[in-house]
Amino acid sequence: MTELHESLRDDVRMLGDSLGQTIESHLGSAMLQRIEMIRTLAKLRRNSTDGEQRELLTALGALPDDEVLPIARAFAQFLNLANIAEEFHRVRSQQHVCEIDSSDSFVQQLKLLRGEGYDRDAIMRALCGLRIDLVLTAHPTEVNRRTLIRKHNAITDELRRMQQQPLQRERIDELISQIWHTNEIREQRPTPIDEAKWGFAVIENSLWQAVPRYLRHIDQQCRSILDRPLPLDCAPVHFSSWMGGDRDGNPHVTHRVTREVLLLSRWMAADLYLRDVARLRSELSMFDCSDELRAVVGRVPEPYRCLLTGLRDRLQQTKHQIEQALQGANDDCPQRLITREDLLEPLLLCHRSLEARGMQCIAAGALEDCIRRVACFGVTLVRLDIRQNAERHAEVLEALWSYYDEGSYLALDEAGKQRFLLRELQRKRPLLPRAWQPSEEIREVLETCRVVAESDPRALGSYVISMASNPSDLLAVILLLRESGLRHNMRIVPLFETLADLDGAEQCLRELLAMEWYRDYIDGEQEVMIGYSDSSKDAGQMAAVWGQYKTQQRLTALCHEQGVHLTLFHGRGGTVGRGGGPTHTAIQAQPPGSVNHRLRVTEQGEVIRFKFGIPEIAVRNLELYTGAVLAATLHPYPAPTDAWRAQMESMAQSGFQAYRAVVREDERFVPFFRASTPELELGKLPLGSRPAKRRADGGVESLRAIPWVFAWTQIRLMLPAWLGSDSALQTAVEDVEQLARLRDMYRGWPFFRSYIDMLEMVLAKTDPDIAAYYEQRLVAEEIRPLGEALRRRLHSMTALVLTIKQSDSLLQDNPATRQSIEVRNPYIDPLHYLQAELLHRDRNAPDERLERALMVTMAGIAAGMQNTG
């Protein structure tokens with residue numbers, strides 16, 4: 001591994017030198033020297049006295065406005081190049097380290113289960129019964145433009161090529177020059193269609209190659225360890241999407257957008273399969289075939305090509321029909337699109353024929369890859385979820401009641417709403433009047449329901465209801481979908497987000513399962529979504545994670561009692577403050593029995609690119625998911641002891657009160673937050689199509705979780721991940737008995753160990769001195785004591801984690817992550833100080849050049865921290 005680290009440093013240095021040459025040729029040697037001087041001062045600042053920091057701040061403060069932007073760009077671009085090199089070496093390290101050494105690998109999970117006494121058939125049945133649904137979302141945390149991502153990927157390809165030809169770096173120099181001369185900030189926000197196309201591009205450029213490789217590897221390990229092949233129709237992992245379906249708080253996602261994205265998804269799938277079929281027609285030139293195939297194609301010299309020609313024509317016809325619909329030639333959904341059965345039948349016939357005629361090695365090549373893609377992606381590529389706020393559905397029913405002069409639906413109590421909804425669901429006459437002309441907002445909800453009703457059920461995932469708290473929230477959606485013509489029972493999923501909603505989730509579901517009509521509707525399958533982001537912002541991280549754990553445990557027990565199979569849908573983000581963390585660790589940390597063959601989880605923003613943007617890394621992450629869910633299904637960790645639960649309950653209550661005392665009750669907090677962070681300026685960064693706030697006139701409580709976390713990350717205080725936890729852990733650590741219990745919990749309870757390890761990783765990325773500079777430069781003197789108090793608490797939090805882990809320093813047992821942070825600091829630090837200076841200048845004398853430089857610093861810091869929101 002030392003050799004790999006040396007190689008990583010060499011590649012980072014080589015990319016940095018190339019960037020330096022580009023800057024020198026464009027801006028001159030004096031500018032390059034100034035940039036290098038700032039970098040050197042930043043590096044010295046980490047290892048020396050206040051003198052170097054003062055010198056660094058003096059140098060940055062003296063920069064004229066016209067030099068600020070190129071210097072910000074230089075440091076931001078270097079951080080992106082460092083990320084590219086590190087990502088490439090992650091792939092290399094996986095190739096160097098033998099699979100058997102990885103304790104979380106799929107191979108090790110199979111061996112673990114065999115060692116625990118599970119027989120081969122039981123493991124194979126469980127594996128084939130897995131349904132892991134990764135839901136790609138368009139949350140605006142991907143700061144890099146698609147144009148630049150493609151250039152970054154091209155640099156990765158060149159690094160791979162340079163392993164064989166180390167002296168040929170002309171193409172890398174060219175690509176870095178292209179990047180330098182390309183605007184890193186979008187000129188305008190992406191539309192929801194742009195976001196959906198970005199998601200499709202990840203599948204086209206990486207997952208399309210990764211999925212068959214992953215399934216081939218799973219098959220090889222099953223044959224080796226279980227002595228059984230992976231069936232061709234078995235795909236433990238599938239993909240869904242919110243891009244173009246998530247309209248909660250995003251007025252740009254309309255019914256027309258949803259319809260277009262559904263069509264684009266089918267078009268993209270048909271196009272990708274066409275490429276596969278073209279390759280198969282080229283390769284399957286054999287003349288020998290089975291009687292079964294001969295009976296279909298007749299006495300032709302090239303039977304496989306003949307059969308695949310018909311499949312090619314069907315795919316081309318599907319693409320043509322979709323193109324006509326997208327161009328407006330046909331407003332209705334195309335009816336004669338290729339089906340999964342149409343696609344699979346000729347592929348499987350070719351496969352059977354090749355095997356029957358002794359050509360197994362040919363059958364196991366590109367043909368088998370294509371068949372396995374169908375098992376994963378179907379003909380729709382992804383299934384599209386629909387998400388809408390519960391209030392929007394209630395508003396439709398309120399308008400209906402008003403139209404019929406029935407009074408007020410919203411004035412009914414919950415029992416009254418349920419009686420009305422169940423009665424209407426069982427009536428045969430329509431509820432929606434034909435002559436009704438509702439408002440545009442009401443009409444949009446109904447039109448969305450009609451698009452859902454007209455779509456292929458296999459193109460749709462779940463209908464997620466955000467801010468759901470009562471059974472009527474679900475019944476209302478079912479009623480509106482039925483009234484719009486939906487003929488199948490779509491999954492209707494409550495999203496419990498706030499701490500109060502999490503606490504009430506069990507009662508809500510219990511009431512639903514007590515309804516005979518609802519039990520018939522779900523047919524033994526219930527999905528529930530757990531919101532990580534808003535509960536954390538609402539209650540603090542410790543109270544939120546414990547509330548989420550308890551809710552999952554209660555819902556699991558309830559569904560087991562009621563004979564209903566529960567699927568938990570985890571709305572996790574990329575950061576700890578939004579439920580992020582390593583895949584295997586996160587799944588291990590779930591309550592025992594809650595991962596029962598099924599798992600849905602969101603993959604958001606830049607996390608999609610980090611986990612799935614390169615095929616080799618995507619294969620690794622798909623295997624991690626498969627192994628972790630298989631182990632959690634068959635061999636979950638024991639439940640926590642009563643003493644551990646009581647300890648966690650006490651700390652969660654204490655943490656909640658401490659968090660709220662600052663965020664909700666300290667009148668200095670909102671002015672401090674607004675002044676010290678770039679929260680207000682973040683709205684100018686065109687990351688995604690969705691507004692940063694749910695309400696334009698709202699305060700912190702209306703701010704979405706992503707900009708909330710993004711803002712604190714930019715100043716290195718990382719407050720959402722630890723505030724409140726410090727007080728709770730401090731009280732416990734001061735008691736000898738409780739401290740011993742915490743250490744036992746860390747060793748024996750994956751949930752608590754995951755929580756502490758994630759805290760440690762966040763704390764390693766904090767920097768109180770940088771946060772202090774933002775405060776000094778931007779915050780009014782009368783509220784600065786709050787910042788001083790928060791930084792003292794941050795110092796205390798670090799000491800507490802080290803005490804519980806019995807470590808001398810943060811990330812002591814994770815040197816790779818520690819090194820990654822240390823390498824980046826000399827390049828991130830100038831961006832922080834520059835950002836604080838720019839905020840000061842722009843708030844006092846707004847200037848377009850300063851705003852652009854400010855956006856570059858935001859993007860650069862996000863790249864350096866490797867997560868945003």
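**Notebook: aromatic pairs, a bent helix and salt bridges**

Entry 1. I note that the model is predicted, with local features needing pLDDT of at least 70 and side-chain atom pairs counted only at pLDDT 80 or more, whereas totals for chains, interfaces and linings use all residues. Residues are numbered from 1 along each chain as its sequence is written, and side-chain values use heavy atoms, with hydrogens and water left out.

Entry 2. I searched the whole structure for aromatic pairs and found 27. Trp-242 and Phe-569 form one that is edge-to-face, because their ring centres lie 6.0 Å apart and their planes meet at 80 degrees. The pair joins distant parts of the chain, 327 residues apart: Trp-242 is in the loop between strand S2 (237-241) and helix H10 (255-283), and Phe-569 is in strand S7 (residues 565-571). Tyr-403 and Tyr-404 are also edge-to-face, since their centres are 5.4 Å apart and their planes at 75 degrees. For these pairs I took rings of Phe, Tyr and Trp (its six-membered ring) with centres within 6.5 Å, planes under 30 degrees apart being stacked, over 60 edge-to-face and the rest tilted. Helices (H or I, at least four residues) and strands (E, at least two) are DSSP runs, numbered from the N terminus.

Entry 3. I checked the accessibility of the two tyrosines. Tyr-403 is partly exposed at 37% relative accessibility, and Tyr-404 is partly exposed at 35%. I also recorded a cluster in which ring pairs link Trp-208, Phe-239, Tyr-273, Phe-377 and Phe-612.

Entry 4. Which charged residue lies over the face of Phe-569? I found Arg-600 there, at 4.5 Å from the ring centre. The charged end of Arg-73 sits over the ring of Trp-180, 4.4 Å from its centre. The criterion is NZ of Lys or CZ of Arg within 6 Å of the ring centre and within 35 degrees of the ring normal.

Entry 5. I then examined helix H9 (residues 192-226), which spans only 45 Å between its end C-alpha atoms, whereas a straight helix of 35 residues would span 51 Å (1.5 Å times one less than the number of residues). H9 bends by about 50 degrees at Leu-207, the angle being taken between axes fitted to the seven residues ending there and the seven starting there. The rest of the structure largely encloses H9, because 25 of its 35 residues are buried. Asp-227, which follows H9, has a positive phi, near 60 degrees.

Entry 6. I counted 58 salt bridges in the whole structure (a side-chain nitrogen of Lys or Arg within 4 Å of a carboxyl oxygen of Asp or Glu). In one of them, the closest N and O atoms of Asp-157 and Arg-160 are 3.0 Å apart. These residues are separated by about one helical turn, because they are three residues apart in helix H7 (residues 146-162).

Entry 7. The salt bridge of Lys-550 with Glu-649 has its closest N and O atoms 3.0 Å apart. It ties together parts 99 residues apart in sequence, because Lys-550 lies in helix H22 (residues 541-562) and Glu-649 in helix H26 (residues 642-663). Lys-550 is buried at 11% relative accessible area, while Glu-649 is partly exposed at 27%.

How values were computed: Buried means under 20% relative accessible area, exposed over 50%, partly exposed in between (1.4 Å probe, protein chains only).
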